[in-house]
Amino acid sequence: GSRWSLKGTTALVTGGTRGIGHAVVEELAEFGATVYTCSRNEEELNACLKEWKEKGFSVSGLVCDASSPPHRENLIQQVASAFNGKLNILVNNVGTNVRKPTIEYTAEEYSKLMATNLDSTYHLCQLAYPLLKASGNGSIVSISSVASQTSVGSGAIYAATKAAIDQLTKYFACEWAKDNIRSNGVAPWYTITSLVEPLLANKQLVSEIISRTPIKRMAETHEVSSLVTFLCLPAAPYITGQIVSVDGGFTANGFQ
Ligand code: NDP
């Protein structure tokens, strides 16, 4: 029934051309949502839009660097005009990582991580708020990471951006419940995407990751997108302010 459908709803998913964002675009569209997405690479974006059209999904998109203030403002303006000023779902998916020991980070790397992960999420939530409110039924899902909760060996700045996103998620849930907007986070562990592909050649790292993960493998993108979708469904109206891990048991595992 309609508790398990997104028919008639609108969604914005940032960074939808690859990885987790790509899976989220497809799953929301499969459940009936009309989706808007963005990425920085025009060619890749157009190829995805063409593919989605052929699959019968209702997806449009725009080139946008989510770390840029004018790009973000333009994105929300375009979404507002495409969806008549109303947005049901905002998925803050754009994010990147630089893995190195803390003393080796440059000031530029610090700023880029903050701008790409944290600034994009905060400002897009603020900009999208009137649209989410106007829809009468809004849901924000921000892609966090298990690194927001526990040290994962490298990437202190990334972890700090994700922990900050978790706290924003809780504040938005409390501030905007009166506007019928929910806000949740999804925290994956290693998921096979273009972001982690370069690490897969490091056999020692991969075997260390697997050894700490009760379900002895990394995640597939559709195993993350299903939770994102669930949190947006009419079946989840009482879930807000939560950060839910999709981690094969990693954060539950104190013993190897
Ligand atoms: P990918 O790098 O595989 O995909 C990222 C997507 O976002 C691409 O479509 C990319 O397109 C787009 N993108 C990146 N930067 C920007 C930007 N500044 N503006 C607009 N679009 C952008 O990443 P994942 O799918 O692996 O990661 C998605 C999210 O999941 C991130 O927030 C990440 O931190 C989080 N995550 C991932 C994990 C993993 O193991 N993969 C684990 C935990 C969390 P383009 O480059 O062309 O702009």
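Modeller: Let me begin with residue classes: Ala, Val, Leu, Ile, Met, Phe, Trp, Tyr, Cys and Pro count as nonpolar, Asp, Glu, Lys and Arg as charged, and the others, Gly among them, as polar. On that basis the lining of the largest pocket has 16 nonpolar, 19 polar and eight charged residues. This is a predicted model, in which local features need pLDDT of at least 70 and side-chain atom pairs count only at pLDDT 80 or more, while totals for chains, interfaces and linings use all residues. Residues are numbered from 1 along each chain as its sequence is written, and side-chain values use heavy atoms, with hydrogens and water left out.

Colleague: What makes a space a pocket, and what is the volume of the largest pocket?

Modeller: On a 1 Å grid over the protein atoms alone, a pocket is an open set of points with protein on both sides within 12 Å along at least five of seven lines, and its lining residues have an atom within 4 Å of a point. The largest pocket has a volume of about 960 Å³, a volume being the space filled by probe spheres set on the grid points, which are joined across faces, edges and corners. Of its 43 lining residues, the closest to the centre are Asn93, Val94, Gly95, Thr96 and Leu195. The elements that give two or more residues to this lining are H1, strand E2 (34–39), helix H4 (107–135) and helix H5 (156–176).

Colleague: Why is H4 called roughly parallel to H5?

Modeller: Angles under 35 degrees count as roughly parallel, over 145 as roughly antiparallel, 65 to 115 as roughly perpendicular and the rest as oblique. H4 and H5 pack at an angle of about 10°, with their axes 9 Å apart, and H4 is therefore roughly parallel to H5. Their contact (heavy atoms within 4.5 Å) includes Tyr110 and Leu113 of H4 and Ile157 and Tyr158 of H5. By class, the contact of H4 with H5 has 14 nonpolar, three polar and one charged residues.

Colleague: Which word describes H1 against H7, and why?

Modeller: The axes of H1 and helix H7 (residues 221–232) come within 8 Å and cross at roughly 50°, and H1 is therefore oblique to H7. Among the residues that meet are Gly19 and Ile20 in H1 and Thr221 and His222 in H7. In this contact there are six nonpolar, six polar and one charged residues.

Colleague: And how do you know how H1 and H2 are oriented to each other?

Modeller: The axes of helix H1 (residues 19–30) and helix H2 (residues 42–54) come within 12 Å and cross at roughly 25°, so H1 and H2 are roughly parallel to each other. His22, Val25 and Glu26 in H1 meet Cys48, Glu51 and Trp52 in H2, and by class this contact has three nonpolar, one polar and two charged residues.

Conventions
Axes fitted to C-alpha atoms, helices over the stretch in contact; angles between N-to-C directions. Helix = DSSP H or I, 4+ residues; strand = E, 2+ residues; numbered from the N terminus. 1 Å grid on protein atoms, 1.4 Å probe; cavity = no way out; pocket = protein on both sides within 12 Å on 5 of 7 lines; lining within 4 Å.
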